[in-house]
Amino acid sequence: MNSTPDSSGGRPSIPPDMAFDPSRFGKFMMKHGHTGFIGMQYRGHGDNWVELGLPWREDLVGDPETGVLASGPIISLLDNATSMSVWALRGGFRPQVTLDLRVDYVRAATPGKMIVAWAECYQLKQSMAFVRGIAHDGDIADPVAHAAGIFIQVEADGWARPSKPDAPEGAGA
Amino acid sequence: MTLVSDRLPPYARAMGMRIEGLLDGSPLLVMDFSDRAMGRPGFLHGGAIAGMLEIAAIMALHAELGEEDARVRIKPVNISVEYLRGGVTVETFARGQVIRAGRRIANVRAEAWQADREKPLASCWMNFLLKPKT
């Protein structure tokens, strides 16, 4: 594949097997692309978990009558938190793509409040990482959403910076 | 009756989504590529794809409900997204299909694709709770 730096959106690529520092990664990623646009923030991490935040914003609302956030930004937040939890457990960065992600919205998010997503990688296998997460707006015992998903571990080649609109199969986030 | 495109929420507008008529009876959602939707370099963010699927599902449901739409509030209950291909830096399309809209529950599926509709990026099912507006 003939990759050109131009197609990277001006961002440096991440070498596979690079040591993973969630706080550094968080600060960098949250300034760029979709994560930067919706205003995702790094909050904390542990051996197998990551916590991210998403402040409420008027232009991310899904129902103007109530001011409740759209579910799209909440999925994005859970996608990133679960994805980063795999790297936290691995202790290093490795390219992966989302195979599937399921989210149960147990109640509407409170308008005006920041959404916090806590996610963990509960099983890491050779080719699959199994993750789950919770989104809440202040009290983790009173969640807004639950998530469960699987990430496929892939080769670095073709993971980022494509040159043709014909991407590798099974490639999500 | 309000146009379905008037129902696009602030989130969808902020992401640059728009409705371009109907495709096989459901609203066709279109999003130009922008940095706002970028995940890993050169690819759409999985959350942006899921967000688009959700909006396509919601718009399909608004269209399906017709006159009833003004009287109910649509609450997403859950979604399951399967990712099939990486989304690249081109225009993306999505279309929802209402499988069943009952009195309280609606079951909707949606698909997103780019250059070739036969090669979807992702698909999802979603369940919605329909509640009378008070």
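Okay, a definition to start: two strands pair if DSSP finds at least two bridges between them. Strands themselves are DSSP runs of E, at least two residues, and helices are runs of H or I, at least four, all numbered from the N terminus.

Quick housekeeping. This is a predicted model, so to speak: local features need pLDDT of at least 70, side-chain atom pairs count only at pLDDT 80 or more, and totals for chains, interfaces and linings use all residues. Residues are numbered from 1 along each chain as its sequence is written, and chains are lettered from A, ligands numbered from 1, in the order in which they are written.

Now, chain A. Strand 6, residues 115-124, makes a hairpin with strand 7, residues 128-136, with 3 residues between them. The two run antiparallel, joined by 8 bridges, and Trp118(A) has Ile134(A) as its bridge partner. Strand 2, residues 49-54, is also antiparallel to strand 6, through 6 bridges; there Val50(A) sits opposite Ala119(A).

Is strand 6 of chain A mostly covered or mostly open? Mostly covered: 7 of its 10 residues are buried, meaning 20 or more other C-beta atoms, placed from the backbone, within 10 Å of the residue's own.

On to chain B. There, 37 residues are in contact with 43 of chain A, contact being C-beta atoms, placed from the backbone, within 7 Å. Strand 3 of chain B gives the largest share of that side, 8 residues.

Definitions and conventions: Two residues are in contact if their C-beta atoms, placed from the backbone, lie within 7 Å. A residue is buried if 20 or more other C-beta atoms lie within 10 Å of its own, exposed if 12 or fewer, and partly exposed in between; C-beta atoms are placed from the backbone.
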